[in-house]
Amino acid sequence: MPYDGRSTGTTPPLLTSRLSPPPPPEPLLIRPRLLDELDRGAGAAITLVTAPAGWGKSTLLASWARAAHPVSAYPTGTGATAPAWLSVEVGDGGERFWAYLAAAATVPVDLSGPARLDALAAALAAADRQVVLVLDDLHRVVDPSVPAGLEFLVRHAEGRLRLVIGAREALPPALHRLRLTGELTELGPDLLAFTDDEVADLLVAHGVHLPAATVPRLRDRTAGWPAALRFAALALRGQSDPDRWVRRFGGDHPDVAGYLGTELLDGLDPRDRDVLRRCAVTPTVRADLAVTLTDRADADQVLATLARDGGFLHHDQGTPPWFRYHPMLADLLRAELGRVGDDQVTDLHRRAAGWYADRARPADALRHALAAGEWERAVTLVTHQWPELIPYDGDDVDCRIPVTPPPEALHRYPGLALALAVERVRAGDAAGATEALTIAADAAREVSTSTRQPSVVTALELTLARQADDRPAARALAHRLLASTSPDPADPVRGGPALGARAVAGVALGLLDLADGDLTGALHHYNRAGEAARTGGWGRTELVCAGRTALLQAVRGDLAAAEQTARELLDLPVCQGWTGLTDCAYAHLALAVVALHRHLPQEAAAMVALAGPATDTPVPGVLVVLCRVPLLCATGDLTTAHRLLTGAREVAADLPAAGELAQLLRATEADLLAARGDLAAARHLLTDLTRPAAEPQPAPPGTRAASAVAQAASVALARVELLAGDQRAARRALPEWDAPDADLVPLPVRLEAGLLDAVLTRADGDHRRAGRLLERILDLVAPDGYRRAFLQGIPGVRDLLAAHLDTGTAHWVTVTELLGVLDAPASGAVPASVPGLAEPLTERELTILRYLQSILSNVEIAGELSVSVNTVKTHVRNIYRKLDATRRREAVRRARELHLL
């Protein structure tokens with residue numbers, strides 16, 4: 001008979017209430033995506049759901065167990081039934097725990113002897129069905145023999161036992177072996193966090209209706225923490241202005257503060273809690289900054305311990321790592337900090353200001369200097385570092401308002417009002433910034449101030465115009481700022497006002513051109529601004545230019561330069577954390593374009609996924625589509641590709657200078673139509689774009705590049721005509737590609753035009769000239785590694801390359817490689833060997849290796865690839881083994897040495 005719960009010896013009777021899932025909270029929100037994750041995970045030996053309090057572990061597990069799915073992930077023939085349940089309580093251990101487990105599993109076993117684990121394992125192995133057992137709140141067990149016993153049961157139950165465990169703490173050491181062997185599936189806070197759609201569903205279930213724009217704001221305020229969202233849903237029922245309430249909702253809300261205090265903070269050592277409180281003075285904290293703020297050499301260990309379990313403290317992949325608080329926890333700790341005394345808070349800001357200033361982080365240093373009342377430091381920062389203080393797109397700005405200086409401080413330090421204006425601009429407070437600029441102007445009239453001040457004022461007015469999306473005013477102010485610079489482009493004053501003005505104005509004009517769709521103009525301004533920033537030693541400004549320059553270089557076809565710029569940017573420490581996500585995302589998008597032209601589809605797809613933070617603005621979003629559509633077409637997903645193209649064309653239509661993008665989009669759409677076999681529609685689409693005007697007008701100065709870019713549509717039309725078999729029409733459509741001013745045409749367009757020219761010339765019978773044309777094309781290809789133009793299915797390319805190999809070429813290796821790809825089946829096979837690599841990486845391992853260059857967690861990588869976290873971790877372990885690496889960055893470095901990245 002099954003174990004019946006009766007007492008054996010000194011063991012008290014068992015409570016049947018612990019053997020079934022607890023009643024769900026009301027209202028209950030079913031989350032199908034997480035139920036599906038548990039279904040998939042149940043095929044592994046152990047599924048571990050780990051998160052701190054309030055992340056919905058028990059609710060999720062109970063919902064899954066009550067749903068009693070016929071889980072498809074179970075191996076066939078196991079006779080699996082609905083999951084069994086055991087709620088673990090404090091004090092469980094030894095004989096009592098195993099008695100409860102046997103009762104939950106309902107297997108006949110005698111646990112009275114000393115070898116009870118052997119008996120239980122044997123009973124499970126002999127069962128006529130598989131036992132899927134949910135162990136909720138396993139962290140309550142303090143008996144170290146329990147995890148080891150569970151591992152023993154899983155190993156010796158002959159696959160008849162599957163454990164689904166909910167716990168607040170990380171994996172017990174006794175179960176680490178299962179992770180190494182790929183028998184463990186893990187779900188953490190990143191997956192348990194509510195999505196925007198789930199937040200909206202929860203609010204509706206509670207009878208709360210928020211404006212659509214407010215739902216993401218609430219999700220951001222809570223970071224998807226289920227407990228906080230339930231508190232918010234309950235409180236919102238009676239709010240007359242829910243949008244305003246959401247803006248003010250934070251960790252200092254009584255319910256949230258009480259929950260965090262009871263479940264998280266009260267159990268900490270008071271000294272460790274003081275470390276968390278002191279470090280909360282800044283949005284993110286690093287180990288050495290934590291030591292500076294706390295005077296404790298082990299401060300980083302305190303942070304790492306809390307971050308280990310995730311949920312309320314996250315760390316990035318940098319070395320040393322940066323830590324970032326959950327917004328609710330940060331609110332609570334800052335509220336506590338406000339009660340310890342102004343002197344201590346001021347001292348913490350002073351320490352932070354000095355730390356950031358010493359590490360060339362002037363924006364953070366300024367914020368803390370103002371909060372600490374260090375007026376002289378604030379003025380010095382603005383005077384000497386003002387180009388680094390101007391906010392650009394994607395800046396992670398802390399909008400907390402610093403202490404307002406007293407009138408005597410403003411009188412003593414005339415530049416202090418300008419420092420306040422900088423801070424208010426960075427916070428997006430236009431009214432506060434305007435007021436501070438007025439005070440600064442009054443101070444400037446009373447005393448003689450630095451010659452830098454007019455430039456700073458103009459730069460701030462320019463930024464305010466950009467923030468208000470007043471582009472004409474922003475352009476006028478940028479040109480005014482440029483007009484104030486020295487006529488000598490090699491300004492002898494390092495970091496002088498003229499050099500700073502060129503850097504700031506150049507970045508602003510580049511951002512404006514990019515927002516308008518003028519890629520050529522943007523690249524010109526970024527190049528000049530980046531040069532000024534390098535000369536002035538302004539790393540933040542140079543970083544803004546570098547990411548966008550790399551992307552525009554890639555679009556223009558300068559692949560080698562784009563790759564070098566992007567790689568150098570991604571190797572900077574700022575790209576190992578959160579502060580440079582947008583700029584690093586531009587670098588990833590640049591590498592996606594490079595990989596696409598080099599015919600590396602897996603790497604292109606990985607880089608596109610990493611470019612997410614850059615796609616919030618229209619032009620980068622369109623460039624992402626131009627990368628994704630060929631990848632989708634290669635997999636046969638033409639419907640999704642067409643949908644993306646339609647949306648991108650609508651975006652480009654609203655841009656005032658999107659001629660280049662429009663041409664590229666139409667050419668890509670024509671390729672899509674040709675792939676569908678609709679050559680007539682492709683021809684009609686491109687003919688409208690390439691038909692000359694009835695009365696052509698002289699091109700105004702500065703438009704040669706734009707007219708050259710228009711050749712993209714002509715080349716696409718020539719390709720369509722060639723696919724249709726009309727070589728004469730293809731020749732008529734083909735533009736001149738090797739003229740003296742051909743360098744104005746993006747290199748990818750020139751390469752394809754030249755290749756089509758060579759194919760058509762060979763078709764005309766002039767094989768010798770065709771060979772010369774092809775050699776010229778290969779000369780252009782060689783420095784950058786282009787491959788895509790040869791592999792787009794253009795008729796005659798394979799024969800052209802084969803004949804060229806026979807007649808002799810200086811690019812024998814390249815031609816041989818291209819023929820190998822054209823002749824190989826479309827299997828996506830990975831080269832069998834790489835010099836220096838004993839065992840080749842599989843295709844999937846190469847894909848995940850490319851993601852390891854980013855700061856994405858394993859959970860986020862799994863989401864991008866639509867696979868389980870367990871699968872990603874297994875591949876990562878294989879990558880480390882094959883590359884002889886023990887850490888993520890070491891694996892990336894080794895892969896680059898082997899030219900796998």
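A: A patch consists of residues with over 30% relative accessible area and no salt bridge, where like charges are joined within 9 Å and nonpolar side chains (Val, Leu, Ile, Met, Phe, Trp, Tyr) within 5 Å. Asp and Glu count as negative, Lys and Arg as positive, while His and the chain ends are not counted. The model is predicted, so local features need pLDDT of at least 70 and side-chain atom pairs pLDDT 80 or more, whereas totals for chains, interfaces and linings use all residues. Residues are numbered from 1 along each chain as its sequence is written, and side-chain values use heavy atoms, without hydrogens and water.

Asp 196, Asp 197, Asp 201 and Asp 220 form a negative surface patch. Its largest share, three residues, comes from helix α8 (residues 196–205); helices are DSSP runs of H or I with at least four residues, numbered from the N terminus. Asp 201 is placed in helix α8 and is partly exposed at 43% relative accessible area (buried is under 20%, exposed over 50%, partly exposed in between, with a 1.4 Å probe and protein chains only).

The structure also holds 48 salt bridges, each a side-chain nitrogen of Lys or Arg within 4 Å of a carboxyl oxygen of Asp or Glu. One of them joins Arg 731 and Asp 757 at 2.6 Å, N to O. Because Arg 731 lies in helix α37 (residues 727–733) and Asp 757 in helix α38 (residues 747–763), this pair ties together parts 26 residues apart in sequence. Asp 757 is buried at 7%, whereas Arg 731 is partly exposed at 31%. Arg 731 also meets Asp 764 in a salt bridge (3.8 Å, N to O).

Definitions and conventions:
Areas by Shrake-Rupley, 256 points an atom, 1.4 Å probe, with all protein chains shown as cover. Charge placed at Lys NZ, Arg CZ, Asp CG, Glu CD. Helix = DSSP H or I, 4+ residues; strand = E, 2+ residues; numbered from the N terminus.
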